[in-house]
Structure formats: structure tokens, C-alpha cells
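Hi,

Here's the structure I said I'd pass along.

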Amino acid sequence: MDIEPYNGRVEADPTAPVHVPTELVRAAVNDARSPVPVEVHRSVALSVARGSEKTARLRLERLARVVMATGQVDSPAAVWSTDWATLPVEVYESLDRSIGAVWGSASTRNAMRDSVRAVVRGCRDAGLMEHGPAMVALSALQPEKIGRDEDKQARGHVDAARVKAAFEALAADSSATARRDSALIALLVGAGLRRGEAVMLDLSDVDAARETLVVTGKGGVVRSVPLAPGVRRALTAWLAVRGDDAGPLLTPMSKAVPRVAVVETGRRLSVDAVAAAVRRRFIGESEAVRPHDLRRTFVGDLLDSGADLSTVSKIVGHSNPATTAGYDRRGIATRRAAVERLSVPFV
């Protein structure tokens, strides 16, 4: 790949940067994670060697889009097959200028920069790039500082009345599916699980007293999540329907009526089925509820109750408390009230 310094001209429409076909991205991820990658260069493969499948796809897609947006490369394969460890710093500086010209949102620009930075970090950690040149390349793609948007942070939370109404409607439904959906929603809004974490739970991940879950989160990091009384009750009700056979905790339901939990096949509830269940149980005139909105609500509820940021971060599996802070819906009034309680002995 031969990239010239960015000259300020971008052939693609800046409002609709180049698209990378999904099937190409999936094939590239599979190749990058194979024992001996064929099409994806090792310098790129290292950036997606670990982590979730979703993260790997996003990184490779964004990396291709960043380079293709310069108008000098029109093939994702050419981007992924390049030895990035040998590129001069001028190329990284050029990409940074192109990112600044093409993408209008600071958060999007930072995401695009991170796709390139991940490649540099992988090369540095594997010894393909010496520390000095790697740090220079990373400095060329410094993330922009983004201030907190408190209005944005207040969005995406589900108010308590709507959550209560959903559980009341589920309680009035005597079906086995309702018991499963009650447990699912309780795990999302009462334990703060990601939908991918919820579907990967096995019965063995629930401790004997059903007060703690062993959850495998992003990057394979395992954490212990304490369960609120209401979550434990929802799980107990679901397990009375599901039974105590080993296997996935949340299972699909049989197509035959009356529906029963399909445990013996070992099939898990899909993440799309989780989204559909949440959407169905929170149907109404207001905006549709997504699974991550329930996780966001869980974090907001804990912070509102007075839990400290570090504790909440550990419960929800955030490696950086700053990520948890992005879910904090408390505004300036709460912070002012906290300061007002201080005693400063000025005389």
C-alpha cells in the first residue's frame, strides 16, 4: 500500500464515507484469527487477535474505511495485507488529517483513529515496531478530548415506572416464555449484564444460593456479579420452568404450544432474540427500549443510590471507570448538592 500525504481533497462524499462489505470483513477476521493468516498481514492480524468478534470486525472495517477514504486505495484487501510496521510516520499523519476532514463527529473520528492505533499497539507489543517509532505513530493519531454531554448521558435510561409496568405485565402472563423473559430482563436491568453476556450464561454460573453470577465479559474477563433480591426471585421462577438440567441458563422455547424450555439441545438464546424480547416487553408509545438501555439504567440506578464509581465499574465489567462515568445521568444539581455539604473553615 502506497499512501501519499493527504492533500485536502477527498473523492468520497464526506457525509457517506466508503462502505466495506460485511462478508469481506467477516472473511478477513476469520483469516486474521486462523493459525497462519494468508490474506491479512501479521501486523494487522495482531490487532484483532484477542477480544470479541464484534470488536475485531469493527476494527478491520474501520481500518479499511480510514485508508479508502483518502481516495488512494479502493480495496479493503490492500489495506489488510499491508505491512503497517514499515510505514513511515508521514503516512500516519496523513491518515489523521484525512480522518479530520471526512468524519464530522469527534467520537467517530476517535473510533477511526483507534482502528489504526490498535495496529500500531499490536506491532509494538509483538516487537514488529520499536518503541520509539511506535510512540511517534501513536502521537500522530492522538484522540480528541470530548467533553461530557450531560443531555446525551441522560438519554437511554428507562424510567422506574416503565420498568415496573413491564414486570407487572410479565407477572400477569402465566406462560413459560414470560418467566424466561422476566429472568432475562431482570439480569439486564437488575444485574447490568450485556446481552452477549446474558446469553452465554450456563446454569452452573449461578451459585448454589443464587445470589451471585459468574459472568464472562469482554476479552474473556471473568467477574462475579451479586444479584439483587428481585433478580434472584426472577431466576428462581424461571428455573422452576426450565428445570435443573445442565446447559445454557436462558434457552429458546419450543415451537409447540404450550411452550417449554428447550434445554437438552444445548441451544442458547441469540442476542437478536434478546433484543426482540426486550422490544416486545417494553412496547408502547415511547421510544423503543434496547437491551443496552437496561444496562445503562442499572448503572444509573446504582449511582443514584450512592454507590461509588469504582464499585459500579467492577460490577458491570468496565476496565476503565471513565466508561462507567459516561452512563452517569446525574446532573450539575447533584454535584452542587454534594459540594454544599462540605465545610470549608474560611474565616
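Keep in mind that this is a predicted model. I'll start with α10 and helix α12 (residues 229-242), whose axes come within 8 Å and cross at roughly 150°. Anything over 145 degrees counts as roughly antiparallel, and α10 and α12 are therefore roughly antiparallel to each other. The crossing of α10 past α12 is left-handed.

Who touches whom here? On the α10 side you'll find Ala 176, Arg 179, Arg 180, Ser 182, Ala 183, Ala 186, Leu 187, Gly 190 and Ala 191. They meet Val 231, Ala 234, Leu 235, Ala 237, Trp 238 and Val 241 of α12. Sorted by class, that contact has eleven nonpolar, two polar and two charged residues.

Now for the other pair, α9 and α10. Helix α9 spans residues 160-172 and helix α10 residues 176-191; their axes come within 9 Å, with a crossing angle of roughly 160°. So α9 and α10 are also roughly antiparallel to each other, and α9 goes past α10 in a left-handed crossing. From α9, the contact uses Val 163, Phe 167, Leu 170 and Ala 171. From α10, it uses Ala 178, Arg 179, Asp 181, Ser 182, Ile 185, Ala 186 and Val 189.

Cheers

Methods: Residues numbered from 1 in each chain as written. Predicted model: local features only at pLDDT ≥ 70, side-chain atom pairs only at ≥ 80, totals over all residues. Heavy atoms only, no water. Axes fitted to C-alpha atoms, helices over the stretch in contact; angles between N-to-C directions. Helix = DSSP H or I, 4+ residues; strand = E, 2+ residues; numbered from the N terminus. Parallel < 35°, antiparallel > 145°, perpendicular 65-115°, else oblique. Left-handed = near helix turned anticlockwise from the far one by under 90°. Contact = heavy atoms within 4.5 Å. Nonpolar A, V, L, I, M, F, W, Y, C, P; charged D, E, K, R; others polar.
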